[in-house]
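Please open the structure in a viewer and keep the selection panel at hand.

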Amino acid sequence: MKQYAAAIDQGTTGTRCIVFDRAGRMVASMYEEHTQLYPQPGWVEHDPQEIWLKTRCVVGGALAAGEIHPAQLAGIGITNQRETTIVWDPSTGEPLYNAIVWQDTRTRELCQRLIADGLEPLFREKSGLPVATYFSGPKVKWLLDNVPGLRARAEAGQVYFGNVDTWIVWNLTGGPRGGAYITDVTNASRTMLMNLHTLDWDDELLDILTIPRQMLPAIRPSSDPQAYGFSQADGPVGGTVPICGDLGDQQAALFGQACYAEGEAKKTYGTGCFMLLNTGPKPVSSKSGLLTTVAYSLPTGTTYALEGSIAITGAAVQWLRDNLGLIQNAADTEVLAASVNDNGGIYFVPAFSGLFAPYWDMDARGVIVGLTRYVTRAHIVRATLEAICYQTRDVLEAMRADSGIALTALKVDGGATVNNFLMQLQADILGVPVIRPLVHETTALGAAYAAGLATGLWAGLEELRANWGVDRVFEPQWDEARREDAYAGWKRAVERSRGWAQ
């Protein structure tokens with residue numbers, strides 16, 4: 001009897017495997033962090049082999065913890081840190097370079113050349129994305145141009161490229177022994193290489209970035225009844241379980257939050273923060289600095305979204321802990337921030353990797369403004385949480401401008417949503433209710449849903465919507481004058497951060 005669907009959630013700082021039952025409840029889970037590598041200023045890398053080893057560990061650990069046999073799994077879904085770029089040898093499975101992480105800015109000069117050559121409008125029209133260091137395509141070109149011998153091997157068909165989903169699926173389904181070489185449309189839409197209208201790799205964009213088409217995986221639906229492949233008996237899952245769900249992490253969270261209707265939105269709080277608005281069956285072009293992306297693809301059709309991507313949010317809290325030593329763990333921020341009445345007159349713009357939506361300023365850098373002797377570590381911690389909320393307000397304003405939709409509430413998910421102070425602050429700064437669901441791990445839930453839909457564990461979207469439940473609603477408490485005055489101060493601080501790298 002198939003009772004469960006499993007999700008592998010491979011994120012920026014670690015990997016989690018969660019098994020869900022038919023009611024969408026977590027029945028088993030395991031998590032492992034992996035190493036963050038910073039070889040040069042602005043460079044961020046991961047070891048692909050470590051990611052795969054941690055994946056093996058958490059999958060086996062979660063199944064063992066829940067005493068779940070592979071035969072009880074209807075399917076497995078993958079969700080992943082998007083844009084992080086891996087190249088490997090398909091005959092051996094050996095990575096040919098470290099994974100270049102989405103936060104990495106080494107392709108800044110390449111992106112600036114593309115913009116100077118007037119090519120950004122073409123990329124926006126075809127891929128829905130601006131030219132930015134964020135995306136996979138420029139990272140692939142950097143690898144081809146800088147790793148000795150890689151371009152010749154890629155042109156000879158001896159190199160595979162994938163975002164992390166492709167790497168995980170390929171290894172799960174056999175690796176060098178015939179592993180499935182695929183990605184889904186949501187991940188492909190984050191490369192600057194896929195045409196949003198044809199849902200296929202675009203030859204003109206490939207030519208501009210000089211990327212051989214033969215090094216790219218096949219693009220498949222996010223939930224695929226045909227299955228991408230099956231787990232191997234000697235792998236971490238065992239048995240022959242279909243791998244049939246694949247979504248980039250933010251699209252998976254939208255799916256897990258049951259945002260299936262046009263105009264529904266969610267925000268995920270992780271290393272970065274990402275807000276997605278379901279725009280229905282046609283892509284909506286942004287004039288306000290948002291991304292046009294694929295929300296998910298089912299056998300019944302493709303749904304699109306507008307996305308506001310914020311590079312540094314949870315990572316700023318890690319910075320307080322690891323670099324400055326102001327806190328011992330993330331939970332400390334709630335008590336410290338609540339111990340002061342306001343930010344003491346300071347704003348913190350954590351533009352460590354430049355500014356993403358809606359500014360797209362690769363030259364911005366982090367600033368703390370308004371410092372006086374009055375300011376304490378509690379004020380700095382509070383300003384860090386406020387920065388998360390103000391960046392969300394920036395994205396919300398852009399979504400209103402592009403879609404004409406006035407958001408009436410925001411569904412939230414991710415680890416930081418356990419911070420009640422942060423959630424209340426978010427409602428105050430936005431001026432709309434913030435809704436926290438019963439299941440916080442909606443990214444993994446979305447991937448499990450995609451797999452379970454493909455295999456019939458769930459009958460359709462309405463059954464998934466019925467599973468969704470509210471944990472708590474945070475209502476705005478600030479008046480309009482305070483909200484607008486505080487946001488004006490944030491906008492002034494953002495201007496101080498811009499153009500610094502020049």
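Predicted model: local features only at pLDDT ≥ 70, side-chain atom pairs only at ≥ 80, totals over all residues.

Residues are numbered from 1 along each chain as its sequence is written, and side-chain values use heavy atoms, with hydrogens and water left out.

A cavity is a set of points, on a 1 Å grid over the protein atoms alone, where a 1.4 Å probe fits but cannot get out; lining residues have an atom within 4 Å of a point. Points are joined across faces, edges and corners, and a volume is the space filled by probe spheres set on them. The model holds 2 cavities of 30 Å³ or more.

**First stop**

Select Ser-309, Ile-310, Ala-311, Leu-355, Phe-356, Ala-357, Tyr-359, Gln-391, Asp-394, Trp-490 and Val-494, which line the largest cavity. Its volume is about 50 Å³. Strand E18 (301–310), helix H12 (377–403) and helix H16 (480–497) each give two or more residues to this lining. Helices (H or I, at least four residues) and strands (E, at least two) are DSSP runs, numbered from the N terminus.

**Second stop**

Now select Ala-265, Met-275, Leu-277, Leu-396, Met-399, Arg-400, Ser-403, Ile-405 and Leu-407, the lining of the second largest cavity. Strand E16 (273–280) and H12 each supply two or more of these residues. Which element gives the most to this lining? H12 does, with 4 residues.

Note on methods
1 Å grid on protein atoms, 1.4 Å probe; cavity = no way out; pocket = protein on both sides within 12 Å on 5 of 7 lines; lining within 4 Å.
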